[in-house]
Amino acid sequence: VQLVESGGGLVQAGGSLRLSCAASGLTFSNYHMGWFRQAPGKEREFAAAIDWSGGITRYADSVKGRFTISRVDAAKTVYLRMNSLKPEDTAVYYCAALGLGKSYYRNYDAISEYDYWGQGTQVTVSS
């Protein structure tokens, strides 16, 4: 199984980025997907999640209204659109896959419950 993130980079505050996570080696439609982030010196934290159907999304309060998660199963890809970026959004962003055998509602933000992780992509927001 591989999850490969892309789309990170350097952007000014107020700008936008779209992250992509391409999956291979798994039946994509059998997984809920999540985006997490880890800032320097901080713990990894939940950012956004989308259920297997694409119909139910969840966001951390810190990104709600600015970030949008989506998925295209035919492309085995999950996206994170990030608008109105702030310096505090600077972090390595990781995508992760949560198997259908686990409750989405109980586990969408639970780092330890996710089955597969990507290597991450750096997002840096300058002030």
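These numbered points walk through a predicted model, from its sheet to its core and its charged pairs.

1. Four strands make it up, in the order 1-3-8-7, and their pairing is antiparallel. Strand 1 (2–6) and strand 7 stand at the edges. Each has a single partner strand, so one side of each lacks a neighbour in the sheet. From one strand to the next, the twist averages 15°. As background, strands of a sheet pair through backbone hydrogen bonds, either parallel or antiparallel.

2. **Strand 1 against strand 3.** Five bridges hold this antiparallel pair.

3. **Strand 3 against strand 8.** Strand 3 and strand 8 run antiparallel, and six bridges join them. Here cysteine 21 faces valine 78 of strand 8.

4. **Strand 8 against strand 7.** This pairing is antiparallel too, over six bridges. Valine 72 has threonine 77 in strand 8 as its bridge partner. The two strands form a hairpin, with four residues between them. Within that turn, lysine 76 has a positive phi of about 50°.

5. **Across from the turn.** Which residue lies 7.3 Å from lysine 76, C-alpha to C-alpha, yet 52 residues apart in sequence? Serine 24 does. Serine 24 is found in strand 3. Its relative accessibility is 33%, so serine 24 counts as partly exposed. Beyond its neighbours within four places in sequence, serine 24 is in contact with Val1 and Gln2.

6. **How enclosed is strand 8?** Five of the six residues of strand 8 are buried. The strand is therefore largely enclosed by the rest of the structure. Setting aside residues up to four places away in sequence, valine 78 touches residues including Leu19, Cys21, Phe28, Met33, Trp35, Ile50, Ile69 and Cys95. Ser20, Ser70 and Arg71 are also among the residues that valine 78 touches.

7. **The largest nonpolar core.** This core holds 37 residues. Those touching the most other members are Met33, Trp35, Val78, Leu80, Met82 and Tyr93. Several strands each supply at least two residues, among them strand 4 (31–38), strand 5 (45–50) and strand 11 (121–126). Strand 3 (17–24), strand 7 (67–72) and strand 8 (77–82) are also among these suppliers. Which strand gives the largest share? Strand 9 does, with six residues. In soluble globular proteins, nonpolar side chains tend to be buried together.

8. The model has seven salt bridges. One of them joins the side chains of arginine 37 and aspartate 89, at 2.9 Å from N to O. This pair links distant parts of the chain, 52 residues apart. Arginine 37 sits in strand 4, while aspartate 89 is in the loop between strand 8 and strand 9. Buried or exposed, arginine 37 and aspartate 89? Both arginine 37 and aspartate 89 are buried.

9. **Two other salt bridges.** The side chains of arginine 71 and aspartate 73 meet at 2.8 Å, N to O, in a salt bridge. Arginine 71 counts as buried because its relative accessibility is 13%. Aspartate 73 has a relative accessible area of 33%, so it is partly exposed. Elsewhere, a salt bridge joins the side chains of aspartate 61 and lysine 64, at 3.2 Å from N to O. Aspartate 61 counts as exposed, at 68% relative accessibility.

10. **The charged network.** Which residues do salt bridges with shared partners join into one network? They are Arg37, Glu45, Arg66 and Asp89. Arginine 66 lies in the loop between strand 6 (57–59) and strand 7. With a relative accessible area of 10%, arginine 66 is buried. Its side chain makes a polar contact of 2.7 Å with the side chain of aspartate 89. Leaving aside neighbours within four places in sequence, arginine 66 also contacts Arg81, Met82, Asn83, Ser84, Leu85 and Lys86, among others.

Technical notes. Residues are numbered from 1 along each chain as its sequence is written. This is a predicted model: local features need pLDDT of at least 70, side-chain atom pairs count only at pLDDT 80 or more; totals for chains, interfaces and linings use all residues. Side-chain values use heavy atoms; hydrogens and water are left out. A nonpolar core is a set of buried Ala, Val, Leu, Ile, Met, Phe, Trp, Tyr and Cys residues joined through side-chain atoms within 4.5 Å. Buried means under 20% relative accessible area, exposed over 50%, partly exposed in between (1.4 Å probe, protein chains only). Contact means heavy atoms within 4.5 Å. Two strands pair if DSSP finds at least two bridges between them. Axes are lines fitted to C-alpha atoms, for helices over the stretch in contact, and angles run from 0 to 180 degrees between N-to-C directions. A salt bridge is a side-chain nitrogen of Lys or Arg within 4 Å of a carboxyl oxygen of Asp or Glu. A polar contact is a pair of N or O atoms within 3.5 Å; within protein, one must be able to donate a hydrogen and the other to accept it, and residues adjacent in sequence count only if both atoms are side-chain atoms.
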